[in-house]
Amino acid sequence: MSPTDDFSLPALTADAVSLLERLIALPSPSRDEGRAADALEAYMTAAGLRPQRAGHNLWCTAPTWRDDRPTLLLNAHIDTVKPAAGWQHDPFCPTREGDRLYGLGSNDCGGGLVCLLQAFRVLSRRDDLPWNLVYLASAEEEVSGRAGIESVIPLLPPISCAIVGEPTGMQPAVAEKGLMVLDVTAHGRAGHAARDEGDNAIYHAMDDMQWFRTFRFERVSPLLGPVKMTVTIVQAGTQHNVVPATCTFTVDVRSNECYSNAELLAFISRHVKSDVVARSTRLNSSRIDTDHPLAARAIALGRRPYGSPTLSDQALMPWPSLKMGPGDSARSHTADEYITLPEIEGAIADYLAIIAGV
């Protein structure tokens, strides 16, 4: 498959779809994206670009670089989740039915990946843009892995802002919730369940679980709503007649931009009796002002800004970012995932308009 030199919208769309079909056919679960990265690297090279690579991450800088311009990063991820149960199509065999293209990763986030690349191909030749452009196809997004975008950021030129091509129906997500996973341990004392012995750790855990269930943080985001805390896993006990000395449970915390994860962790630790350990505090909430040029141009196209509850590589970006891509987040991680050809064509057109400012 060779990229076309025809930069008309129909030709760009056909090229994007052809590349996406190639990527669907190459399984690329997180941490095993090598074959898909190889195919994408070969495509970029054939297109006359000069991709750089670190692990399974690929990036390319437009040759029309000027020091007097800010730099815009165009980012989407290569990796996919593993196929969910219930697929009626082969998840690794790209299948067209009408306007739909079925296949694992077609929606999340292959559509954004190939559409941003087509926009980069066209605009990287222009010297009249308001931005320098960098395209990045990153790995390990679905697991927030440290060998993904986090490992590449130090290798990139200084970035001013970013477009992240996650599926949003091409509506601009100007805020995104963060994530923090807590491992919580309640302590008691073992004893025989038949006698009045021991100190049941489950009961102590229940008190703290009730706090997680009912407590409401004061600061509520107009876009993302309140911080959300959910107990998701509970483990305790060894057998029916032993009072458990420990009870562990897991809490999923979805932060808004009003709090950092470190701030939330410190507050939670002061207000529960159990020991609290965060697996990581690095996946913070993000937000971009609606008057930022990227958001303002999307809004000028008639798009509606909103806050996204789902996590992306935005959480690891130290600069302002706008999440906006073809497809529907509700299709992500589901059986028979698909994207439509009109969604791909519309996304390329929108990206060209937003990035070029026309």
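Predicted model: local features only at pLDDT ≥ 70, side-chain atom pairs only at ≥ 80, totals over all residues.
1. Residues are numbered from 1 along each chain as its sequence is written, and side-chain values use heavy atoms, with hydrogens and water left out.

2. Asp 183 and Arg 279 form a salt bridge at 2.9 Å, N to O. Asp 183 belongs to strand 9 (residues 180-187) and Arg 279 to the loop between strand 14 (275-278) and strand 15 (286-287), so the pair ties together parts 96 residues apart in sequence. Strands (E, at least two residues) and helices (H or I, at least four) are DSSP runs, numbered from the N terminus. Asp 183 is partly exposed at 30% relative accessible area, whereas Arg 279 is exposed at 53%; buried means under 20%, exposed over 50%, partly exposed in between (1.4 Å probe, protein chains only).

3. A salt bridge also joins Asp 252 and Arg 254, at 2.8 Å from N to O. Asp 252 is buried at 18%, and Arg 254 is partly exposed at 25%.

4. Zero disulfides are found in the whole structure, taking a disulfide as a pair of cysteine sulfur atoms within 2.5 Å. Cys 93 is partly exposed at 37%; Cys 247 is buried at 1%.

5. Helix 8 (residues 341-356) has buried residues including Ile 344, Asp 350 and Tyr 351. Just after helix 8, Gly 357 has a positive phi of about 75°.

Terms used:
Salt bridge = Lys/Arg side-chain N within 4 Å of Asp/Glu carboxyl O.
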